[in-house]
Every structure is written in C-alpha cells, then in structure tokens.
Amino acid sequence: MLWNSTQNVFALVGRVLMSFLFIPAGISKISGFAGAVGVGIALLIELVGGIALLLGWNTRWAALLLAFFTLVASFFFHAYWGLPADQAGMQQLLFNKNVAVVGGLLAFGPGDSFWLLGLFLFLFGMFHDHRLTHEAKYQ
C-alpha cells in the first residue's frame, strides 16, 4: 500500500512538472497567434494537453497527444542532421531533450482520474490505520 501511495505522489509530481513544460509554451503562443493554423493547433495541443496533464484529466490521452506532437515537432524544428557542424550541437541537444520528454509522457499510463480523487486516495492510504483492517478480519 505504501508503494502505491508513493507511486501516486510521483505520478502527480511528474504530471505537474511535465505540464510546466507545455502550459507556458501554449500561453506564449497566444500573443504570437496571427491566425496561422499551425500555431493555433500547437497552442491548443500545448495548452489543453498541459492543463489536462496538470489536473489528471484523461491523462493517458493527453500524454499520448503531447508525445506525438512533441515527436513530430522535433523532426521539423530540431533537424540537426541537416545543419552545419557548428550549428548542429544545440539542435541535437534540443532534439534529444524532446525525445526524453516523449519517453516521460509515454510513462503516464496510470493516472486517468481527476487529481482531487488521486489526492484523496493518497491521503486515505497514507493515514489509514492498516492494523484496524487486519484486526477486523480476524475477530
């Protein structure tokens, strides 16, 4: 039970940290939105997907959507293999970072519930006296 409670906390912290990457990126696109369809789609995916991750709402789908978006965007915007050697280093670093982010997003299989429910279950598991359950079974 302790492992499940700890795992829930790590999933929550991971979702919060991962959403911190996408929500500000989506917000920054609002001021630069000039009606371009690509920017509008990116804004919607980053903002809605990031908020869904943060709240734990449809986490699996949000993580999959953000993972796909991040991987596709990496090939378009960080194509280091087509750059001169003096420019490729930073783009390769950003590409590799995005691939790691995709890996992190794909790890969010569990957590498809609202964050408040997850928090309640965590607190219940943390403060629940297991001796009472054990004693009740054997009386």
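The protein contains six helices and zero strands, assigned as DSSP runs (H or I, at least four residues, for helices; E, at least two, for strands) and numbered from the N terminus. The model is predicted: local features need pLDDT of at least 70, side-chain atom pairs count only at pLDDT 80 or more, and totals for chains, interfaces and linings use all residues. Residues are numbered from 1 along each chain as its sequence is written, and side-chain values use heavy atoms, with hydrogens and water left out.

Along the sequence, the pattern reads α-α-α-α-α-α. Of the 139 residues, 28% are buried (under 20% relative accessible area; exposed is over 50%, partly exposed in between; 1.4 Å probe, protein chains only). Contacts were counted where heavy atoms lie within 4.5 Å. Among those between residues at least 6 apart in sequence, 65% join residues at least 24 apart.

Helix α3 spans residues 59-77. Its 19 residues reach 26 Å from first C-alpha to last, close to the 27 Å expected at 1.5 Å a residue (1.5 Å times one less than the number of residues). Buried positions in α3 include Leu66, Phe69 and Thr70. Thr59 and Ser74 are also buried.

Five aromatic pairs were found in a search of the whole structure. Rings of Phe, Tyr and Trp (its six-membered ring) pair if their centres lie within 6.5 Å; planes under 30 degrees apart count as stacked, over 60 as edge-to-face and the rest as tilted. Phe75 and Trp81 form a tilted pair, 5.8 Å centre to centre, with 55 degrees between the planes. Phe75 is partly exposed, at 43% relative accessible area. Trp81 is partly exposed, at 48%. Ring pairs link Phe75, Tyr80, Trp81 and Phe95 into a cluster.
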